[in-house]
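Trainee: I am new to this structure and would like to go through it slowly. Could you show it to me before I start asking?

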Amino acid sequence: MAIFSSVFAVLMAGFAFFIRMKAAEKPTNAKKIILPPIFMSTGALMFVHPTFRVTALECGEAIFIGALFSILLIKTSSFEVRGNEIYLQRSKAFVFIFVGLIVLRLALKTYLSRTIEYGELAGMFWILAFSMIVPWRVAMYASYRRLQREITEKS
């Protein structure tokens, strides 16, 4: 099961990376920025099942690490204005950071699976991912709105 979940996580990360790269080819909008964390939030239903519940300390650790990782994503995400449209700007650093985060996640999962039950670990990694994506998307939305106001003021 651990191998399957790791392979699945790598495939999902690859899919997310592909979507991110394709997004740079089309103008973005608020909905494209806000919806991913909303869709991901449905994963919190996993905590209904006792297997996935984590302690307050584990939750705090996951939130802290996720918030730290979000800083890397925030720093490598920027927008550019082309005409009157806002595009997500591609960053070469994003590729390395994204791959680095995946490798780090797999290493942590392998190491932590020795001492933490699989269900709890899955819950911790969901919390970590959510704690990473929400601040990143909030920062992206703020940057998007700022550019949108500038475009409106120029018109």
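Trainee: Which residues in α5 do the residues of α3 meet?

Mentor: This is a predicted model, in which local features need pLDDT of at least 70 and side-chain atom pairs count only at pLDDT 80 or more, while totals for chains, interfaces and linings use all residues. Residues are numbered from 1 along each chain as its sequence is written, and side-chain values use heavy atoms, with hydrogens and water left out. Contact means heavy atoms within 4.5 Å, and helices are DSSP runs (H or I, at least four residues), as strands are (E, at least two), numbered from the N terminus. From α3, residues including Ile 63, Phe 69 and Leu 73 take part, and the residues met in α5 are Glu 120, Met 124, Ile 127, Leu 128, Ser 131, Met 132, Pro 135, Trp 136 and Ala 139.

Trainee: At what angle do helix α3 and helix α5 pack?

Mentor: Two packed helices are described by the angle between their axes and the distance between the axes. Axes are lines fitted to C-alpha atoms, for helices over the stretch in contact, and angles run from 0 to 180 degrees between N-to-C directions. For α3 (residues 56-75) and α5 (residues 118-154), the axes lie 7 Å apart and the angle is about 40 degrees.

Trainee: Which residue in β2 is the bridge partner of Phe 79?

Mentor: Strands pair if DSSP finds at least two bridges between them, and β1 (residues 78-82) and β2 (residues 85-89) have five, in the antiparallel sense. These strands form a hairpin with two residues between them, and Gly 83 in the turn has a positive phi of about 70 degrees. The partner of Phe 79 in β2 is Leu 88.
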